[in-house]
Amino acid sequence: MSGAATPALETRGLTAGYLRDEPVVRDISFSLARGSMTALIGPNGAGKSTLIKAMLGLVPFVAAERIAFLGTDLATARDRVAYIPQRSQIDWNFPASALDIVEMGLYPSLGLFRRVRRETREKAREALATVGLADAARTQIGELSGGQQQRVLVARALAQDAELFILDEPFANIDAFTETSLAEVLRGLRNRGRTILAVHHDLRSVRTHFDDAILLSHTIVAQGAVTQVMTDATLAQAYGFHAEGHAGTHA
Amino acid sequence: MTASAIGANTLGVLAGCMLFGALAGAVGTFVLARRRALVADVAGHAALPGVALAFLAGEALGLGGRTPWLLLLGGAATALLAAWCVPALSRLRRIGPDGATAVVLAGFFGLGAVLFSIVQGHPAGSQGGLRTLLFGSAAAMGRAEVVALLALATATLALLILFLRGLTVVAFDEDFARSAGLPVRGLDLLLTLLLVATVVAGMQMAGIVLVVAMLITPAAAARNLGGRIGRVTAIAAIVGAATAAAGVLASRAIAGVPTGAAMTLAATAAFLVTVPYAHFARGARA
């Protein structure tokens with residue numbers, strides 16, 4: 001079933017938004033090969049978060065010819081797809097420890113009632129160690145720094161042991177150390193054949209962190225290898241004139 | 001209800017009120033975490049028309065107006081309807097959730113007040129005063145009321161424990177819960193049902209106007225003390241049980257003080273004690 005030939009994520013003709021008749025993204029078609037690492041880039045309000053949420057069924061109005069996760073529908077592939085929301089979208093005052101949050105990554109396969117076993121709980125501890133937070137397992141999440149909170153969310157996805165990771169702005173508002181270690185964790189996942197799609201807003205670091213990119217401005221402007229996607233012409237088209245400074249890294 | 005009958009019931013009433021306090025604290029922890037505190041207020045006020053209708057229905061059907069299960073059912077029905085109206089009206093973007101909350105709460109309460117004036121004109125209804133239902137009276141509770149409270153509270157607590165995991169995940173990160181395949185709408189409906197069950201279980205004791213205090217104030221005090229969700233829930237339950245007992249005893253000791261008001265003051269006192277702790281704990285972190 002999960003042959004390497006089937007894309008990790010595929011969508012055709014997707015149109016979605018929060019209000020009927022006011023789509024935020026239109027006619028989106030792309031496919032991600034297994035083991036690829038793709039940045040979803042575009043200006044503010046381009047619909048980057050809306051697009052990934054739409055594929056995951058988190059947006060009220062979604063129409064598409066096809067949305068396939070690991071060659072099947074989301075309901076079937078659910079425990080193999082990890083979603084990491086924007087850090088700002090979460091209530092960090094919630095009464096929980098870092099380990100509590102990471103253990104939530106076990107729920108997609110456990111459902112509402114099956115008990116967390118000792119060996120699966122060990123998975124959660126390992127995931128925290130992988131992101132360098134082994135010592136923070138019992139720390140209240142509200143006491144963690146922004147970078148540590150982001151790493152907790154990534155650890156939750158690692159504990160899920162997914163094949164496809166969908167991240168919303170994982171590199172937003174974090175310290176340089178977290179950015180480096182997070183990029184390392186993601187590359188490690190890719191090297192083990194996992195697929196990564198991340199909303200990303202810092203054009204300067206797209207080349208450093210990712211192989212491929214999708215440039216979005218309500219519709220797809222360009223997609224493919226980062227160097228092909230990030231040309232002066234495509235960026236100007238997506239961002240307008242202001243982006244030329246950001247695009248200056250073009251070789 | 002005579003004074004001697006109350007005396008015989010005192011232990012039962014005390015046990016019932018402590019169980020209600022514990023339940024309200026535990027359910028309130030999740031209501032607060034899901035940011036639905038004002039829905040508890042809406043549900044309380046909106047129980048009034050249902051209780052009045054149930055009284056009239058009970059009289060009309062020959063069951064008697066003060067049939068406990070019928071009053072609970074009536075109160076729960078209109079409380080649920082109101083709790084459903086708030087999110088439904090919030091979708092009208094020109095109003096927003098706070099506007100919808102105010103409109104629904106006032107509308108249901110106004111209807112309840114009108115219906116209650118009819119009940120009080122009724123020969124069987126005149127002795128069951130509106131004030132008792134508004135602000136609570138443990139003294140007015142008979143054996144049947146206590147039994148109904150104990151049964152409802154036990155069932156509600158069992159459901160809460162059964163669905164602890166789902167309710168926790170949804171409160172922390174709704175989108176993740178949905179992406180993980182958890183039934184978010186179902187869990188939200190469950191939380192509303194638990195909330196309404198708690199409200200009607202406690203309405204005679206705590207009163208419908210102040211029952212929100214027993215749901216939210218002990219939970220808020222427990223949140224101030226910090227810790228993980230299990231600890232917060234346990235502390236909220238203990239604070240709820242203790243303040244409920246204090247309220248019942250105080251209202252018995254001081255003539256004319258409504259039970260719900262005494263409970264509310266006790267819970268508020270417990271909350272105030274925790275405020276400096278929350279303040280300094282935050283200060284130490286910053």
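In which sense do strand 3 and strand 8 of chain A pair, and over how many bridges? Good morning. I shall answer that after a word on conventions.

The model is predicted, so to speak of local features we need pLDDT of at least 70, and side-chain atom pairs count only at pLDDT 80 or more, while totals for chains, interfaces and linings use all residues. Residues are numbered from 1 along each chain as its sequence is written, and chains are lettered from A and ligands numbered from 1 in the order in which they are written.

Let us begin with chain A as a whole. Chain A has 10 helices and 10 strands; helices (H or I, at least four residues) and strands (E, at least two) are DSSP runs, numbered from the N terminus. The radius of gyration of chain A, taken over C-alpha atoms, is 18 Å, close to the 18 Å that the globule rule (2.2 Å times the number of residues to the power 0.38) gives for 251 residues, so chain A is as compact as a globular protein of that length. Of these 251 residues, 47% are buried, where buried requires 20 or more other C-beta atoms within 10 Å of the residue's own, with C-beta atoms placed from the backbone.

Now to the opening question. Strand 3 (residues 37–41) and strand 8 (residues 195–199) of chain A pair in the parallel sense, over four bridges; two strands pair if DSSP finds at least two bridges between them. Within this pair, Ala39(A) has Ala198(A) as its bridge partner.

Both strands belong to an open sheet of six strands in chain A, with the order 6-7-8-3-9-10 and mixed pairing. Strand 6 (81–84) and strand 10 (219–225) of chain A stand at the edges with a single partner strand each, so one side of each has no neighbour in the sheet. Neighbouring strands of this sheet are turned by 15° against each other on average, direction ignored. Axes here are lines fitted to C-alpha atoms, for helices over the stretch in contact, and angles run from 0 to 180 degrees between N-to-C directions.

Two helices of chain A pack on the sheet. Helix 6 (residues 146–160) of chain A touches strand 6 and strand 7 (164–168), and its direction makes about 170° with that of strand 6. Helix 7 (residues 176–191) of chain A touches strand 3, strand 7 and strand 8, and its direction makes about 145° with that of strand 8. Contact means that the C-beta atoms of two residues, placed from the backbone, lie within 7 Å.

Elsewhere in chain A, strand 1 (residues 9–17) runs antiparallel to strand 2 (residues 25–32), joined by five bridges. Strand 1 of chain A is also joined to strand 5 (residues 66–69) by four bridges, again antiparallel.

Finally, we turn to the contact between the chains. It takes 22 residues from chain B and 21 residues from chain A. On the side of chain B that touches chain A, helix 7 (164–172), helix 8 (174–179) and helix 11 (229–253) of chain B each supply at least two residues. Helix 7 of chain B gives the most, with five residues.

Thank you for your attention.

How values were computed
Buried ≥ 20, exposed ≤ 12 C-beta atoms within 10 Å, placed from the backbone.
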